Amino acid sequence: YGYDELGSDATLSGAAPEGPTPRQRLRENLRDALVRLGLYEVMTNSLVAQDASHPFLPDAHPVALANPRSEEQSELRRDLLPGILTVVKHNMHRQMEDVRIFEIGMVHRVESGRAMEEEWVVGALTGARYAEVWSEPEARVDWFDLLGILSALAKALGIDALRTLPYDGPALETAAGCRLVVGEEDELGYAGRLAPELQQELNLEEPIWVFAMRLGDLQHHQKVVGRYRGLPRHPASDRDISIVIPEEVPVGQLLELLRSQKRVERVRLKGEYKGEQITAGKQGILLGIRCRGTDNTLSDNEIEELYNKIVELLKDEFGAQLRS
């Protein structure tokens, strides 16, 4: 068309905001936190082949280039995961078997006839948990490593504790994948073990654990200014509760319910068990519960009453029974 046809306007005026924008600060804090947690940043091509896979966003419609350089670079990417997996495969085929990487970048799609873009962070972990430690030679990266990284990341960004809900999609294994949410149902992204179909496409046997989160949602839930909480003034009461619940009960929902109760400070899953002593269709779990009064030291009677209420709550909500 020609730059000379665009014209000019000398009436534009105003002052640009000083310093980085909130999104720029989030991006830098996110990058710093992940690097401190042991991940390396990668950058992959934003141009992909026609009909390239996009497992985290299976319903996204492509943004096609009007004049592509080649068939391998004819569309804008709709998902960062395929690029991340290509990097993992490239490293592992060259004996770099312990991989921890992430990428922050834009993905594109067509929605209601318009080209849209959205910024995501996607990462992958695989290989050994430690670098050749003689005492734990077989320790491999697993779900707890992934969840630990995501929990530490949320804390570093000033985001409330992440919750997990069931995931149903093509990117992750159904039994080892989840949606990451905060609050009631505000979804931030996904995390879990790569789906078997994608694992087979890579021709790799080592499990790959991945996560993906939208930067827009991270920014929305980020607390820029933290809230001070003083040290406890009164002693706590710790008690273990052994219960039996139906197998289909999600333990995560049980823990979240208990953590929302007044005077309950901490709830941990300390153990789970099945066997001859447990009825078929049931599972036994051991919970470690810490209770504390905010304005007074709990008496023995108050502690006993509180734990009895917890047992009744578990019975009413989940059909739990105390294990004798």
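The following dialogue explains how to read several features of this predicted model.

Me: What conventions apply to the numbering and to the model?
Reply: Residues are numbered from 1 along each chain as its sequence is written. The model is predicted, so local features need pLDDT of at least 70 and side-chain atom pairs count only at pLDDT 80 or more, while totals for chains, interfaces and linings use all residues; side-chain values use heavy atoms, with hydrogens and water left out.

Me: How many helices and strands does the protein chain have?
Reply: Helices (H or I, at least four residues) and strands (E, at least two) are DSSP runs, numbered from the N terminus. The protein chain has seven helices and 14 strands. Its C-alpha trace spans about 85 × 55 × 45 Å along the principal axes.

Me: How is burial read, and what share of the 324 residues counts as buried?
Reply: Buried means under 20% relative accessible area, exposed over 50%, and partly exposed in between, with a 1.4 Å probe and protein chains only. Of the 324 residues of the protein chain, 39% count as buried.

Me: In what order do the strands of the seven-stranded sheet stand?
Reply: Two strands pair if DSSP finds at least two bridges between them. Here seven strands form an open sheet with mixed pairing, in the order β1-β5-β6-β10-β9-β8-β7. Strands β1 (40–41) and β7 (163–166) are at the edges with a single partner strand each, so one side of each has no neighbour in the sheet. Four bridges pair β7 with β8 (residues 172–182) in the antiparallel sense, and Arg163 stands opposite Val181 in β8.

Me: Which strands does helix α1 lie across?
Reply: Contact means heavy atoms within 4.5 Å. Axes are lines fitted to C-alpha atoms, for helices over the stretch in contact, and angles run from 0 to 180 degrees between N-to-C directions. Helix α1 (residues 22–36) lies across β1, β5 (99–111), β6 (114–126) and β10 (209–214), at about 150° to β5. Helix α2 (residues 81–92) also packs on the sheet and touches β5, β6, β9 (186–194) and β10; its direction makes about 150° with that of β5.

Me: What is the strand order in the sheet of three strands?
Reply: That open sheet has the order β2-β4-β3, with antiparallel pairing. Strands β2 (47–48) and β3 (63–64) stand at its edges, each with a single partner strand, so one side of each lacks a neighbour in the sheet. Two bridges join β3 to β4 (residues 75–76), where Glu75 is the bridge partner of Ala64.

Me: Why can charged side chains pair?
Reply: Side chains of opposite charge can pair when their charged atoms come close. A salt bridge is a side-chain nitrogen of Lys or Arg within 4 Å of a carboxyl oxygen of Asp or Glu. The structure holds 23 salt bridges. One of them joins Glu28 to Arg31, with the closest N and O atoms 3.1 Å apart; both residues lie in helix α1, three residues apart, about one turn of the helix.

Me: Which parts of the chain does the pair of Asp240 and Lys270 link?
Reply: Asp240 forms a salt bridge with Lys270, the closest N and O atoms being 3.1 Å apart. This pair links distant parts of the chain, since Asp240 is in strand β11 and Lys270 is in strand β12 (residues 264–273), 30 residues apart. Asp240 is partly exposed, at 44% relative accessibility, and Lys270 is partly exposed at 40%.

Me: Which residues form one network of salt bridges?
Reply: Salt bridges that share partners join Arg179, Glu187, Arg214 and Asp217. Arg214 is buried, at 14% relative accessible area, whereas Asp217 is partly exposed at 25%.
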